Amino acid sequence: MNGTLFFVPTPIGNLEDMTFRAIKVLKEVEYILCEDTRTSGVLLKHYEISKPLKSYHLHNEHHSTQKVIEDLRNGQNIAIITDAGTPGISDPGYLLAKACADEKIEMICLPGATAFVPALVVSGLPNHDFYFAGFLPTKKGRQTKLKQLAAEKKTIVLYESPHKINTTLEQIKEFFGGETKISLSREISKKFEETKRGTIGELIEFSKSKTLKGEIVLVINNAEAKTDEEEKPLSKNKYKN
């Protein structure tokens, strides 16, 4: 009988965000896949979890996936975690999920911490229909992606790193327009958690005024963006018979 693969979210900042169920699962599986054994070792030690850790990250997931599938076929229950948040969401996990689906191996994803949901909720922007884009391409295809996102009449959610945030905000202004409303959240669930809301111009000014730290979530209000047709003035003759 096949084993089960558990996707287990880990805290994105505050260790108290770990769920009782997540701790129970990690204590019961055969071993735990993780991005960095040193980072995950600290988490496991905090919760007195003594299970083998095996490295599974973006640079070795293609090579490691087949071995994990073999272990699951042999009846072992395995968990995958990342340094922070939910595996598979802008983190390793997709290739393993696809392989398990192809092999009809059971998977269970526990609910838990992920950065974009809190940022979207507290943004105060429309959240009934949104597009989660994760990280933008670093170089090739970046402008193409931004152009594609600007055409989506939905709220757009992006992840960004501190050293790229000023460039990204300037590019958002270029592609989405200078009056676009945006929310910037950082250090979510940590001591210095902060959310700043305003127009893209105001956020650029804010970002340049201080050195931002921690993973950043941007929420862009493109759901209420005006189309080119809406911005055109009505023709004087439009309603003449």
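Visitor: How many residues apart are Asp71 and Lys67 in helix H3, and what does that spacing correspond to?

Guide: In this predicted model, Asp71 and Lys67 lie four residues apart in helix H3 (residues 61-73), so about one helical turn separates them.

Visitor: What do the side chains of Asp71 and Lys67 form?

Guide: Here is the general idea to start with. Side chains of opposite charge can pair when their charged atoms come close. In this case Asp71 and Lys67 form a salt bridge, with their closest N and O atoms 2.9 Å apart.

Visitor: Is Asp71 buried or exposed?

Guide: Asp71 counts as buried because its relative accessibility is 6%, under the 20% limit.

Visitor: How many salt bridges does the structure hold?

Guide: There are 10 salt bridges in the structure. One of them joins the side chains of Arg186 and Glu194, at 2.8 Å from N to O. Arg186 is buried at 9% relative accessibility, while Glu194 is partly exposed at 22%.

Visitor: Which residues are linked with Arg186 in a network of salt bridges?

Guide: Glu194 and Lys210 are linked with Arg186 in that network. Another salt bridge is formed by Glu187 and Lys190, whose closest N and O atoms are 3.6 Å apart. Glu187 is buried at 15% relative accessibility, and Lys190 is partly exposed at 38%.

Visitor: Let's turn to the rings. How many aromatic pairs does a search of the whole structure find?

Guide: The search finds four aromatic pairs. A pair of aromatic rings is described by the distance of the centres and the angle of the planes. For Phe116 and Phe132, the centres are 4.4 Å apart and the planes meet at 25 degrees; that angle is under 30 degrees, so the pair is stacked.

Visitor: Where in the chain do Phe116 and Phe132 lie?

Guide: Phe116 belongs to helix H5 (residues 116-122) and Phe132 to strand S6 (residues 130-135), so this pair links distant parts of the chain, 16 residues apart. Phe116 is buried at 12% relative accessibility, whereas Phe132 is partly exposed at 26%.

Visitor: Which residues do ring pairs link into a cluster?

Guide: The cluster consists of Phe116, Phe130, Phe132, Phe135 and Tyr159.

Visitor: What sits over the ring of Tyr31?

Guide: That is the charged end of Lys54, placed 3.9 Å from the centre of the Tyr31 ring.

Key: Residues numbered from 1 in each chain as written. Predicted model: local features only at pLDDT ≥ 70, side-chain atom pairs only at ≥ 80, totals over all residues. Heavy atoms only, no water. Phe/Tyr/Trp six-rings, centres within 6.5 Å; stacked < 30°, edge-to-face > 60°. Helix = DSSP H or I, 4+ residues; strand = E, 2+ residues; numbered from the N terminus. Buried < 20%, exposed > 50% of the residue type's maximum accessible area, 1.4 Å probe, protein only. Lys NZ or Arg CZ within 6 Å of the ring centre and 35° of its normal. Salt bridge = Lys/Arg side-chain N within 4 Å of Asp/Glu carboxyl O.
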